[in-house]
Amino acid sequence: MAVTIDRLSGFKPFSRSQRCKLQSYGHLDPNILELSQTGTLSHSFELAFRADNIHRSFSTPCLPLSTLLGEELTSHHPRIEIVRGSGAPVHALVVEVAIAMASGAQPVPLPSGLGGAYVFRNPNGNSIAVAKPVDEEPLALNNPKGLGGQMLGQPGLKKSIRIGETGIRESAAYLLDHGGLAGVPPTALVKFSHAAAFFVANNNDAATVPCYKPKIASLQRFVGHAFDAGELGPSFFSVSSVHQIGILDIRILNLDRHAGNMLVVKHDLKSNYVDGVTRDLVPIDHGFCLPDWLDDPYFEWLHWPQASIPFSDSELEYISKIDPFKDAEILRTELPLLRECSIRVLIVCTILLKNATAAGLCLAEIGQMMTRKFRGGEELPSEMEKICLKVKASITPRGSNSNIIENCREETEQGSKCEVGGISFGDLNQGEWEAFLDVFIELLHGVFEEKRVQKQMLEHHGSY
């Protein structure tokens, strides 16, 4: 869906040609999203939307090529269109933003955060959406906060997530939040054209100037709130709300679940925040999830008391019905630019979650298995990483990268430091990947059985 805004006559969807076929920006060649040493961002976007770089898809609204190549390049009206995203909530969000743009309202830059972020407000002045251009991410070329200069595709603040790829992951988190259990707001990847509110770096003096070139951005529904989790403390939050966010964080290996990206929402507007009533949390900012390789997650909720309470029957049923392989297909279809190595991280973490809950582990215990430890000032691999290292060493042919894995495994067994940042599943061919999963599941059964025995022994000794 694409909408052009004309402040004199309002906004209108683009007309469809008689021989219209469904088309999508989802299957773009990944190379077109990366800047060359001599190219410019605007030139890269122009290449991105040439006909030769657009592949047919049957999952997104129709955008005729005549519109893409003609009206887009000649029209100077602000325009927003969905690059990746579907469903009524997403379409409604885009229409609301289009109406706001048609009314002449300019998005307001947010001072917080390290990347460029802009709030859209409707004609009544209410905040409705937050846009984050991919080229204004931390370290990206057009970062407006003095933290830019690097090309898209380079390692970002989290080395396992590349610059310009957090928007894709924002959309992935929304797609994976089945039934809205965690409450991730509607999110899509969109393209703004001729929107002067965004900025692009000026190569001459490193200042910022208005940008009228296309901008790819994540767009998320704004969530009204008075506080974030860090301003109240965990005693105000319901057990179910913490569990639901934790379930999502485990599945997507969230590297950045801090208190500031859990917003506190109260349903009774007449109540206050000091009356002891539990509140719901809404998770936002999922750009640092689904890393290219196993990385160290950060779970703010890890030591909250709610995380140590057993899962409810409904939560266990929800987890049991999650199919990691169906989730993988959803991501491959809806977000084809997301790398296969990241999708495999999702599969591994989801399998861990399902087996751990089936063995009776609580949220905190699962989070501890995934979190790296520090000993003597050194970072040690997590229990999950140790398991994956053993499995990968057992199925990877010697002579490829097995020496690295073997050395890391031996150091781990001795309790010394192990550089585990390179534990990726992208280097496994399909046969090796299937073998990995078989051995991984088998090894998990043994790990959880050992934990069960140890727990019984502790309970037995504690009874005396």
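## Salt bridges

By the rule that a side-chain nitrogen of Lys or Arg lies within 4 Å of a carboxyl oxygen of Asp or Glu, the count comes to 23 salt bridges. One of them joins lysine 215 to glutamate 136, with the closest N and O atoms 2.8 Å apart. Lysine 215 belongs to strand S10 (residues 215–221) and glutamate 136 to the loop between S6 and helix H4 (166–176), so the pair ties together parts that are 79 residues apart in sequence. Helices (H or I, at least four residues) and strands (E, at least two) are DSSP runs, numbered from the N terminus. Both lysine 215 and glutamate 136 are buried, where buried means under 20% relative accessible area, exposed over 50%, and partly exposed in between (1.4 Å probe, protein chains only).

A salt bridge also links glutamate 329 and arginine 332, whose closest N and O atoms are 2.5 Å apart. The two residues lie in helix H8 (residues 324–334), three residues apart, about one turn of the helix. Glutamate 329 is partly exposed because its relative accessible area is 43%; arginine 332, at 28%, is likewise partly exposed. Elsewhere, Arg162, Glu165, Arg169, Asp292 and Arg339 are linked in a network of salt bridges.

## Basis of the model

This is a predicted model, in which local features need pLDDT of at least 70 and side-chain atom pairs count only at pLDDT 80 or more, while totals for chains, interfaces and linings use all residues. Residues are numbered from 1 along each chain as its sequence is written, and side-chain values use heavy atoms, with hydrogens and water left out.

## Strand pairing

Two strands pair if DSSP finds at least two bridges between them. Strand S4 (residues 108–109) pairs with strand S5 (residues 118–121) in the antiparallel sense over two bridges, and proline 109 stands opposite tyrosine 118. S5 pairs in turn with strand S6 (residues 127–133), again antiparallel, over four bridges; here tyrosine 118 stands opposite alanine 131. S5 and S6 form a hairpin with five residues between them, and glycine 125 in the turn has a positive phi of about 90 degrees.

An open sheet is formed by three strands in the order S11-S12-S13, with antiparallel pairing. Strand S11 (227–228) and strand S13 (280–283) are the edge strands, each pairing on one side only. S11 and strand S12 (residues 262–265) are joined over two bridges, and the bridge partner of aspartate 228 in S12 is leucine 263.

## Buried helix and loop positions

Helix H10 (residues 363–370) is mostly covered, with six of its eight residues buried. The buried residues are Leu363, Ala364, Ile366, Gly367, Met369 and Met370.

Leucine 428 lies in the loop between helix H12 (402–413) and helix H13 (430–462). Leucine 428 counts as buried because its relative accessibility is 5%. The C-alpha atoms of leucine 428 and cysteine 341 are 9.2 Å apart, although the two residues are 87 residues apart in sequence.

## Surroundings of lysine 390

Lys373, Arg375, Lys386 and Lys390 gather in a patch of positive charge on the surface. Strand S14 (373–375) and helix H11 (383–395) are the elements that give two or more residues to the positive patch. Such patches are made of residues with over 30% relative accessible area and no salt bridge, with like charges joined within 9 Å.

Lysine 390 lies in helix H11 and counts as partly exposed at 43% relative accessibility. Its C-alpha atom is separated by 9.2 Å from that of leucine 443, 53 residues apart along the chain. Leucine 443 lies in helix H13 and is partly exposed, with a relative accessible area of 30%.

Note on methods: Patch = residues over 30% accessible without salt bridge, like charges linked within 9 Å, V, L, I, M, F, W, Y side chains within 5 Å. Areas by Shrake-Rupley, 256 points an atom, 1.4 Å probe, with all protein chains shown as cover. Lys, Arg positive; Asp, Glu negative; His and termini not counted. Charge placed at Lys NZ, Arg CZ, Asp CG, Glu CD.
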